[in-house]
Amino acid sequence: MIQDLVLQLPLEGVINFIVNLVFFVAVYILVATALNIQYGYTGIPNFGLAFGVAVGAYVAGYFPGRLLYSMYFEEVKAKVEVMCPTILENPDQAYIRCNIFVRNALNEIIKAEPGLSTALLILTLVIAIGAGALMGLLASIPAIRLRVDFLMMSLIAIAEGVRIIGENYEPLAGGTLGVTVPALLGWMEPILGFPRIVQSFILVMSATVMTMALIYLMLRSPYGRLLKAVRESEDAALAVGIDVNRVKIEAMIIGTAVAALAGAIYSFYLGNVVPTSYTRYDWTFWPWLMLLLGGRGSEIGAIVGATGIMTLRRVISVYKHSFSGLLPFDVIWLERIALGVAFLVIMIFKPYGLFPEKPFRLKGVHELPRE
Amino acid sequence: MVAWGAVAVQAFIYSTLIAFLTMGFNLTYQTARIPNWAHGTFAAVGVFMTLWVTRVWEMPTYYSVILSFIVVALIGVAVYLGVIYTLKRAGAPEILLLISTIAVDIILIAVLNIQADYIQEVHKLNSRGFLLREEDIVIGFNLDQEIALQEGVDILLNVPLIPPSTVPGVLLVAPTLLLGFTLFFLFLLYKTKFGMAMRATVENPDLAEVVGVNVDMVNLVSWFLTGGMAGVAGALLPLWFRSYPAIGSLIIINVFAASILGGVRSLSMAIVATYIIGYVEIMGTAWISTIIPEIGGVSTASYRPLIPLLLLIFALMFIPEGIYGLLEKYRERKIKARTEGIV
């Protein structure tokens with residue numbers, strides 16, 4: 001039966017599906033790794049992970065579009081004023097109200113500006129990382145010295161706060177309706193002949209591979225062991241002179257910055273930022289499940305978990321609509337129940353995940369001298 | 001023009017209903033040592049009980065209070081036995097126990113949404129954003145219910161207010177029940193043998209077990225009672241506030257803020273803190289709305305949930321031990337001063 005369903009899909013659909021899948025897996029690997037730094041290595045139960053992703057997305061939704069809009073205001077005005085008269089009186093409001101027209105005009109303009117748009121893309125990603133780091137720091141200030149249960153609840157509360165602001169404050173990312181993101185790699189199409197899907201693919205893959213390489217260098221260095229020392233016993237770490245709170249704040253900063261980068265590339269890929277889509281289900285609970293399934297604190301746990309679960313979710317998302325007529329409720333709730341049950345099952349039967357963390361061995365410390 | 005009296009009443013009911021939850025949250029926090037993140041959603045189950053009772057089964061409204069108590073208390077017991085007890089026996093660390101209550105929350109919200117869809121689909125009733133004020137009994141008989149409903153519009157929730165000449169039942173029932181539960185808990189904790197066992201478990205579960213306290217039984221009873229209380233609060237909620245399946249996720253922030261501000265070790269201070277937060281939240285939003293009606297294209301009232309959040313951060317930064325801790329410190333200092341005089 002599954003075979004029949006697969007055969008019904010046209011070839012283009014299959015390619016689209018695979019590219020989409022690779023993309024989602026890459027983004028979720030970043031998010032799950034961010035959590036691995038915070039929870040797996042340092043022991044901070046960050047159940048507010050989604051706010052990091054959201055902050056990165058808000059930067060992508062706010063910064064490049066507005067900057068280009070002010071730079072090319074006259075050109076955009078000439079193209080848009082017929083469809084959107086607001087632009088003559090209140091250009092600031094027009095950016096949100098006539099967002100799609102503005103985006104189309106901007107995309108036309110920046111197609112001819114490869115240098116500028118690439119620089120702007122990199123700048124946006126850097127700002128997103130910086131904003132994420134700042135948010136990580138801000139969230140740590142009231143929370144980080146708390147006991148693990150208070151810490152977890154405070155981070156959830158802070159994430160809720162970011163969500164409320166993002167969903168309501170329209171100038172930031174368009175409120176509930178969202179805002180578009182200009183296609184900063186659009187120049188590749190006329191010059192190199194790459195369609196949009198390839199552009200996004202290049203962006204996502206290069207960002208993910210570079211970030212993951214950096215993170216692995218960091219986690220394998222003595223710094224990774226420092227994080228684990230704090231996780232294993234705060235008292236023992238304090239006793240040997242480690243500034244525990246400082247290390248935890250650093251882990252929050254690094255993790256949130258990585259999550260923000262993921263959020264920014266996610267919005268570039270989609271071409272828009274809709275604040276209501278940065279839910280705690282998609283960007284906190286699912287990454288948590290991925291990490292717990294793969295194995296917290298292990299090197300490949302986050303990658304395996306993100307790949308496995310995202311593949312499953314994408315496959316389900318293709319077929320779930322065939323069930324929607326049969327049930328008197330939305331199928332998404334079944335997925336949520338599966339999410340909750342999977343948490344419980346993993347915690348009861350595989351508390352260390354599929355690939356548990358291996359103890360590390362140091363030369364001269366763990367090797368006994370030969371008799 | 002803000003009808004401050006009406007806003008104060010709003011804040012009073014809001015705080016009273018959340019106080020049920022804060023009390024229960026603190027109790028299970030102390031006995032089982034984990035903050036039950038699903039506590040808000042326990043109340044949401046009660047919310048839908050009221051919808052079923054009044055609209056689907058068309059029974060008297062207050063039946064749902066009793067029904068919710070039983071149903072949610074049983075859910076509490078099931079969660080304790082099925083999840084927390086199981087995980088504890090498997091030797092799970094504290095952090096996984098915390099996560100397990102979030103998993104329970106996810107499952108419960110999904111189930112609530114499924115039945116909300118079902119109500120909408122099969123019974124053609126609004127199950128997202130419903131308000132059941134007209135189902136409430138009215139105490140005081142000078143005004144016709146119909147006319148009463150047309151008077152005045154609530155600035156916060158955009159729903160009709162009942163003028164003060166009639167008193168909706170929930171306004172009397174909620175505080176009475178809260179008082180009843182508080183007295184019951186005081187009696188249970190300080191005048192019975194089982195209460196002593198409960199207090200011993202709170203102080204030190206391992207030591208309590210050594211001297212023969214059945215800690216599992218204590219936990220089971222506290223999950224039963226606090227679950228039931230959450231159910232009662234939930235059952236009363238739609239009689240005054242617009243309700244939807246995920247309402248628990250919003251309420252839990254208030255509960256948590258009140259729990260920290262009051263001090264997790266104290267039931268009475270948690271109630272005091274709930275009222276402080278409830279009043280600051282509702283009155284504060286109404287007051288700020290009169291000065292700044294709109295922020296970033298939406299009405300200021302949309303940012304209301306930020307207020308308990310800010311109070312939470314304030315409490316965490318400046319009085320992490322809570323009001324209870326402050327009082328405790330004060331008491332200690334007083335005792336010290338007195339003994340110094342003797343010595």
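A residue is counted as buried if 20 or more other C-beta atoms lie within 10 Å of its own. By this criterion, buried residues account for 48% of the 343 residues of chain B in the predicted model. The secondary structure of chain B comprises 13 helices and 4 strands. Its C-alpha atoms occupy a box of roughly 65 × 50 × 45 Å along the principal axes. The radius of gyration of chain B is 21 Å, which agrees with the value near 20 Å that a compact globule of 343 residues would have. Of the contacts in chain B between residues at least 6 apart in sequence, 74% connect residues at least 24 apart.

The contact between the two chains involves 34 residues from chain A and 41 residues from chain B. On the side of chain A that touches chain B, at least two residues each are supplied by helix 8 (114–143), helix 9 (148–168), helix 10 (170–173) and helix 18 (332–349). The residues of this side of chain A comprise 24 nonpolar, 5 polar and 5 charged.

Within chain A, helix 2 (residues 11–41) packs against helix 12 (residues 196–220) at an angle of about 25 degrees, with the axes 10 Å apart. Because angles under 35 degrees count as roughly parallel, helix 2 of chain A is classed as roughly parallel to helix 12 of chain A. The crossing of these two helices of chain A is left-handed. Helix 2 of chain A contributes residues including A:V19, A:F23, A:L30 and A:Y41, and helix 12 of chain A contributes residues including A:I197, A:F201, A:M205 and A:L219. The residues of this helix–helix contact divide into 15 nonpolar, 4 polar and no charged.

Notes
Residues numbered from 1 in each chain as written. Chains lettered and ligands numbered in written order. Predicted model: local features only at pLDDT ≥ 70, side-chain atom pairs only at ≥ 80, totals over all residues. Rg over C-alpha atoms; globule rule 2.2 N^0.38 Å. Buried ≥ 20, exposed ≤ 12 C-beta atoms within 10 Å, placed from the backbone. Contact = placed C-beta atoms within 7 Å. Nonpolar A, V, L, I, M, F, W, Y, C, P; charged D, E, K, R; others polar. Axes fitted to C-alpha atoms, helices over the stretch in contact; angles between N-to-C directions. Parallel < 35°, antiparallel > 145°, perpendicular 65-115°, else oblique. Left-handed = near helix turned anticlockwise from the far one by under 90°.
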